[in-house]
Amino acid sequence: MTFTVPERELTFRASRAGGPGGQHVNKASTRVEALWNVAETPSLSEAQRELVLRKLANRIDASGVLQVAADERRSQLRNREAAVERLNALVAKALQQPRPRKKTRIPAATKKKRLENKRKRSTLKRDRRPVDRDE
C-alpha cells in the first residue's frame, strides 16, 4: 500500500543550513523542515493513525507532529521536495503490515543430531572427571 501525505496538511519551516557553501550558506535559509500533524489528520483511519503513532513514536513530538528535515541541497525548493519525499516514505513504511510468520517444524533428523551431540559432549565431560578409587 502506498500512502501519500496530502500537501495541504503539511507545514514547512525554513532555516539556515550548515555545511559547505561559502557566503551563500550564511545568508539563505535553505534547510527545510516538513511538519505533519499525525494526531489530527483526517487522511488516516483510526487504525492507521495508531499504527503510525506507535511505529514512529520516537520521531513524533508530544503534540503528535511528525517532523522531517532536509538540508543536503543548496536550493530551498529541492530541500522541500526531498523532505516531502522522505516523509511520505517514512509514513508508507510505517503503514506496511508485516507478513505473518509461518510456523515451521524442526526436522526429526536435526533433533536427533542435536541430542546425539549432547550425549557425546556429556560422555566426554564425564570421562574427564577424576576417577573415584573407592568404587
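N79 sits in helix α3, and leaving aside neighbours within four places in sequence, it is in contact (heavy atoms within 4.5 Å) with T30, R31, V32, A70, D71, E72 and R73. This is a predicted model, where local features need pLDDT of at least 70, side-chain atom pairs count only at pLDDT 80 or more, and totals for chains, interfaces and linings use all residues. Residues are numbered from 1 along each chain as its sequence is written, and side-chain values use heavy atoms, with hydrogens and water left out. Helices (H or I, at least four residues) and strands (E, at least two) are DSSP runs, numbered from the N terminus.

**N79 up close**

- N79 counts as buried because its relative accessibility is 0%; buried means under 20% relative accessible area, exposed over 50%, and partly exposed in between (1.4 Å probe, protein chains only).
- The side chain of N79 also reaches the backbone oxygen of T30, at 2.7 Å. That is a polar contact: a pair of N or O atoms within 3.5 Å, where within protein one must be able to donate a hydrogen and the other to accept it, and residues adjacent in sequence count only if both atoms are side-chain atoms.

**Helix α3**

- S75 caps the N-terminal end of α3, with a side-chain oxygen 3.2 Å from the backbone nitrogen of L77.
- The buried residues of α3 are N79, A82, A83, V84, L87, N88, V91, A92, A94 and L95.
- L95 and A47 are 48 residues apart in sequence, yet their C-alpha atoms are 9.8 Å apart in space.

**The nonpolar core**

- A nonpolar core is a set of buried Ala, Val, Leu, Ile, Met, Phe, Trp, Tyr and Cys residues joined through side-chain atoms within 4.5 Å.
- In the largest one, with 17 residues, W36, V52, L66 and V91 touch the most other members.
- The elements giving two or more residues to this core are α2, β3 and α3, and α3 supplies the largest share, 5 residues.
- Not counting residues up to four places away in sequence, W36 touches F3, V5, E9, L10, T41, L44, G64, V65, L66, L87 and V91.

**R49 in helix α2**

- R49 belongs to helix α2 and is buried, with a relative accessible area of 11%.
- Setting aside residues up to four places away in sequence, R49 touches V38, A39, E40, T41 and L44.

**The whole chain**

- The chain has 4 helices and 3 strands, in the order β-α-β-α-β-α-α along the sequence.
- The chain is more spread out than a compact globule, because its radius of gyration is 29 Å, well over the 14 Å that the globule rule gives for 135 residues. That radius is taken over C-alpha atoms, and the rule is 2.2 Å times the number of residues to the power 0.38.
- Along its principal axes, the C-alpha trace spans about 90 × 45 × 30 Å.
- Buried residues make up 27% of the 135 residues.
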